[in-house]
Amino acid sequence: MELSDLNSPVERALPGLLGFEDPALVHLTQRDLLGEEIGDHSSLLNLPKVKRILNQQEEEGFWPYPGNRRNAHPTENYHILQTYRMLGVLIDQYALDRSIPQVARAAEYLFAHQTSEGDIRGIFGSQYAPHYTAGLIELLIKAGYQDETRIDRAMTWFKAMRGEDGGWAWPLRTTGVDYADAIGMDNPVQPDLSKPFSHVLTGFVIRVYAVHPRYRADPIAHRAGVLLKGRFLKADKYPDRRGAAYWLKFQYPFWWGNLLTALDSLSKLGFSIHDHQVAEGISWFLENQEENGFWPTGYGSGKGAPRNQAWVALAVCRFLKAFSRE
């Protein structure tokens, strides 16, 4: 694969991105794909969606989980999950950071649920949630907390949860303990580190290393990248989102791992398009670009589908540009 192969897909996507009726999308397209100096992001604070999200935040710093989750266990804290969702929108789509009081307040709420071990706990009661801990730490790094000792504590925990093969898996899956039983326990189920990694979980954790300016050079991150690219378009070892089809279900802000999130991480970790597995992953995007310059997301044609497709296209163009700078 030649570096020049990566430029034309970006050029084909640009008209659709720049013409899309979303000021934040256009703003970040100009910054990230065209390299334009666009000043700070204060203008995005006045957008209706941003105001609505900020106004929904509780004084303690969280966003309340909508509705009443049926049969929820009293130890589960789904406000953390909703805070993850809302921060993802504010940080990834509207470029907000810790300088915004509401973001800082949300960060302190999340750090208040960080245990002495280093993970952020509560969504699953007493049980570890390495995927959600990773997603939250990723966002906090992007928001400007990368130099905090609280982030270092989380990175120490990820290292301790790492399997013998160099990847990560949900402890409940490696031990076979049923969630219904685990949620009532006082202490977290410890992982069986001899069991194989899950590419779903590893895809979450590797994103933390990829966005951290210091930890991305850690050999742990490179090893995880090697494992991840070796699983492209294959079924996972564990039940959660096991099917190979999940590799091709894309959403933005990032949530579950897929081919897009994996290549985004690998581009930041220094992997090369001359690596045949990386090249095969990129080839899927080169071969599946649609006439409008965007890519299929695997999420149908509902009300939010066009906007999701446009944001996914920006994310694809970002990693294509990153690889083209080799």
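Where is P253 found? In this predicted model, P253 lies in the loop between α11 (219-229) and α12 (259-268). The legends below describe this site and several other close-up views.

**Figure 1. A cis peptide bond joins Y252 and P253.** The omega angle of this bond is about 5°. Most peptide bonds are trans, and most residues other than glycine have a negative phi. The residue P253 belongs to the loop that runs between α11 and α12.

**Figure 2. A95 and R241 each have a positive phi without being glycine.** For A95, phi is about 60°. This residue is placed in the loop between α4 (78-93) and α5 (101-111). Is A95 buried or exposed? A95 is buried, because its relative accessible area of 16% is under the 20% limit for a buried residue. For R241, phi is about 50°.

**Figure 3. The view shows the largest nonpolar core, with F285 and its contacts.** This core has 106 residues. The residues with the most contacts inside the core are F158 and F285. Helix α14 (residues 305-324) gives the most to this core, contributing 11 residues. Which residues does F285 touch? Leaving aside residues up to four places away in sequence, F285 touches F250, L259, L260, L263, W295, V316 and F319.

**Figure 4. Helix α13 packs against helix α14.** Helix α13 spans residues 276-287. The two helices pack at an angle of about 135°, and their axes are 12 Å apart. Because of this angle, α13 is oblique to α14. The crossing in which α13 passes α14 is left-handed. On the α13 side, the residues in contact are V278, I282 and F285. They meet V316, F319, L320 and F323 of α14. The residues of this contact comprise seven nonpolar, no polar and no charged.

**Figure 5. Helix α12 is largely enclosed by the rest of the structure.** How many of the 10 residues of α12 are buried? Nine are buried, so this helix is largely enclosed by the rest of the structure. The buried residues are L259, L260, T261, A262, L263, D264, S265, L266 and S267. The elements that cover them include α10 (199-211), α11, α13 and α14. Among the buried residues of α12 are L259, L260 and L263, and F285 touches these three residues.

**Figure 6. Helices α5 and α6 cross each other.** Their axes come within 11 Å and cross at roughly 140°. The two helices are therefore oblique to each other. Their crossing is left-handed. In α5, the residues of the contact are V103, A104, A107, E108, L110 and F111. In α6, the residues that meet them are L136, L140, A143 and Y145. The contact of α5 with α6 divides into nine nonpolar residues, no polar residues and one charged residue.

**Figure 7. P130 is a buried residue of helix α6.** Helix α6 comprises residues 130-145. The relative accessibility of P130 is 3%, so P130 counts as buried. Which residues does P130 touch? Not counting residues up to four places away in sequence, P130 touches W157, F158, A169, W170, P171, L201 and V205. P130 and W157 are 27 residues apart along the chain, and their C-alpha atoms are separated by 9.3 Å.

**Figure 8. G135 is a buried residue of helix α6.** Its relative accessible area is 0%. Not counting residues up to four places away in sequence, G135 touches Y84 and F204. How far apart in space are the C-alpha atoms of G135 and I206? They are 10.0 Å apart, although G135 and I206 are 71 residues apart in sequence.

Note on methods: Residues numbered from 1 in each chain as written. Predicted model: local features only at pLDDT ≥ 70, side-chain atom pairs only at ≥ 80, totals over all residues. Heavy atoms only, no water. Core = buried A, V, L, I, M, F, W, Y, C linked by side-chain atoms within 4.5 Å. Buried < 20%, exposed > 50% of the residue type's maximum accessible area, 1.4 Å probe, protein only. Helix = DSSP H or I, 4+ residues; strand = E, 2+ residues; numbered from the N terminus. Contact = heavy atoms within 4.5 Å. Axes fitted to C-alpha atoms, helices over the stretch in contact; angles between N-to-C directions. Parallel < 35°, antiparallel > 145°, perpendicular 65-115°, else oblique. Left-handed = near helix turned anticlockwise from the far one by under 90°. Nonpolar A, V, L, I, M, F, W, Y, C, P; charged D, E, K, R; others polar.
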